[in-house]
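Please take a moment to look over the sequence and the structure shown below, and keep both in view while you read. The paragraphs that follow lead from the sheet to the aromatic rings and then to the charged side chains.

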Amino acid sequence: GNAGSGKTVLSLQSLAYAARHCDEPGIFVAFEEGEHQILANAESFGWNLPELLPDKLCFLDARIVFDVVNSGDFDLGGLLGILTAKVRSMGARRIVFDALDVALDLFDEPRAMRREVYRLHAWLLQEKLTALITHKSRGHGDTPEAGPLDFLHFMADCVVSLDRSLDTGVSQRSLRVVKFRGSAFDENAT
């Protein structure tokens, strides 16, 4: 989805619901915002996320320190190693990678970016995790621009497009299921 469309809110709500009502602990990996900012925003919804910490919900601050990255090669291997230990210690069943595009933008060439996405996909399958991955789309509505992460749609079982736009001066948000492998669904925006 585009900026302000609700990507972080939707993914965090899904993770919190699963932890609270389905007994499925989860990890929120944030590439853009820190834990305190996310918790403060969630507080306005009345979700009381601190009661889930640290056994049912874990936040991992994965914001990139850009001057460190410029000093050498970068890949997701270290992050996945840390996450493997956390997944196993808390019995996590779900994970959110919020704003994955921020990390993937660090790769100089598309092949390196694709390699890391395939590494991430293989890791998710190995750990048997349900994952939500958010990334910013280009454009909005029915005319999104093609982006470097469009190939993610082929790997995903479900793709949801979020949009925020102005319609005669009124802010509108919509959700549209683009793909839901093995299921019938309504393709219209709601």
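Helices (H or I, at least four residues) and strands (E, at least two) are DSSP runs that are numbered from the N terminus, and two strands pair if DSSP finds at least two bridges between them. The model is a predicted one, in which local features need pLDDT of at least 70 and side-chain atom pairs count only at pLDDT 80 or more, while totals for chains, interfaces and linings use all residues. Residues are numbered from 1 along each chain as its sequence is written, and side-chain values use heavy atoms, with hydrogens and water left out.

With these terms in hand, we can begin with the sheet. Four strands form an open sheet in the order 2-1-3-4, and their pairing is parallel. Its edge strands, each of which pairs on one side only, are strand 2 (57–61) and strand 4 (130–133). From one strand to the next the twist averages 15 degrees; here axes are lines fitted to C-alpha atoms, for helices over the stretch in contact, and angles run from 0 to 180 degrees between N-to-C directions. Strand 1 (residues 26–30) runs parallel to strand 2 and is joined to strand 2 by five bridges, and within this pairing V29 stands opposite L60 of strand 2. Helix 1 (residues 7–21) packs on the sheet, where this helix touches strand 1, strand 2, strand 3 (94–98) and strand 4, and its direction makes about 165 degrees with that of strand 3; contact means heavy atoms within 4.5 Å.

We turn next to the aromatic rings. A pair of aromatic rings is described by the distance of the centres and the angle of the planes. Rings of Phe, Tyr and Trp (its six-membered ring) pair if their centres lie within 6.5 Å, and planes under 30 degrees apart count as stacked, over 60 as edge-to-face and the rest as tilted. In the whole structure, a search finds three aromatic pairs. One of them is stacked, because the rings of F45 and W47 have centres 4.7 Å apart and planes at 20 degrees. In the pair of F97 and W123 the centres are 6.5 Å apart and the planes are at 80 degrees, so this pair is edge-to-face. Because F97 lies in strand 3 and W123 in helix 6, their pairing ties together parts that are 26 residues apart in sequence. Buried means under 20% relative accessible area, exposed over 50%, and partly exposed in between (1.4 Å probe, protein chains only); F97 is buried at 1%, and W123 is buried at 6%.

Which residues are linked with D75 in a network of salt bridges? A salt bridge is a side-chain nitrogen of Lys or Arg within 4 Å of a carboxyl oxygen of Asp or Glu, and a search of the whole structure finds twelve salt bridges. The network links D75, R115, E116 and R119. D75 and R119 meet at 3.8 Å, N to O, and since D75 lies in the loop between helix 3 (66–69) and helix 4 (77–90) while R119 lies in helix 6 (residues 110–127), the pair ties together parts that are 44 residues apart in sequence. R119 also forms a salt bridge with E116, with the closest N and O atoms 3.1 Å apart, and both residues lie in helix 6, three residues apart, about one turn of the helix. R115 and E116 meet at 2.8 Å, N to O; E116 is buried, with a relative accessible area of 0%, whereas R115 is partly exposed at 42%.
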